[in-house]
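Here is a quick tour of one model, written for someone who would rather look than calculate. Keep the viewer open while you read.

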Amino acid sequence: MKLQHVIRGKLGCIKQEIYAYWSDVMYPLREEQVRAVIIAQGRSGSTVFEDILCSSGHFTGHGELLRKKVLFPQKFVVGFANACEGNFICHVKMVGHQSHQKNPSPVLDIIGNKSF
């Protein structure tokens, strides 16, 4: 039974990743959409800050998107933003994932993207 939960969890992550990449290609960039990424360290209040911004009704929150390792972090975040109906906000922990501790460039590439 424990193995079932692990497999189901991994399949859910793979489906979510495929959906994000597909959305990056299929949904056009909307000029009127506001996109924001909060980049912070762990235990800094980024979740609370995102919740406060979402409570205004101006943003649709997506939580911490890069909690697990993904192949293409920039395309993953942009795909979710493209699929979002309203204004998009998420947060990313600068050292939340082990690969980001040694090389923060996947996180920093999101900032450099022209759509954010």
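## Ground rules

A residue is called buried when its relative accessible area is under 20%, exposed when that area is over 50%, and partly exposed in between (1.4 Å probe, protein chains only).

What you have here is a predicted model, where local features need pLDDT of at least 70 and side-chain atom pairs count only at pLDDT 80 or more, while totals for chains, interfaces and linings use all residues. Residues are numbered from 1 along each chain as its sequence is written, and side-chain values use heavy atoms, with hydrogens and water left out.

Searching the whole structure turns up six aromatic pairs. Rings of Phe, Tyr and Trp (its six-membered ring) pair if their centres lie within 6.5 Å; planes under 30 degrees apart are stacked, those over 60 edge-to-face, and the rest tilted. One of the pairs is Tyr19 with Phe80, edge-to-face at 6.1 Å centre to centre and 70° between the planes. Tyr19 sits in helix H1 and Phe80 in helix H3, so this contact ties together parts 61 residues apart in sequence. Helices here are DSSP runs (H or I, at least four residues), strands likewise (E, at least two), numbered from the N terminus. Tyr19 is partly exposed at 37% relative accessible area, whereas Phe80 is buried at 11%.

Tyr21 and Phe76 have ring centres 6.4 Å apart and planes at 70°, so they are edge-to-face too. This pair also links distant parts of the chain, with Tyr21 in H1 and Phe76 in H3, 55 residues apart. Ring pairs join Tyr19, Tyr21, Trp22, Tyr27, Phe72, Phe76 and Phe80 into a cluster.

## The greasy patch

Tyr19, Trp22, Val25, Met26 and Tyr27 make a nonpolar surface patch of about 520 Å². Patch residues have over 30% relative accessible area and no salt bridge, and nonpolar side chains are joined within 5 Å. A salt bridge puts a side-chain nitrogen of Lys or Arg within 4 Å of a carboxyl oxygen of Asp or Glu. Trp22 belongs to helix H1 (residues 2-26) and is partly exposed at 43%.

Strands E2 (residues 59-64) and E3 (residues 87-93) pair in the parallel sense over four bridges; pairing takes at least two DSSP bridges. Thr60 has Phe88 in E3 as its bridge partner.

Definitions and conventions
Patches are made of residues with over 30% relative accessible area and no salt bridge: like charges are joined within 9 Å, nonpolar side chains (Val, Leu, Ile, Met, Phe, Trp, Tyr) within 5 Å. Accessible areas come from the Shrake-Rupley method with a 1.4 Å probe; for residues, only the protein chains shown count as cover.
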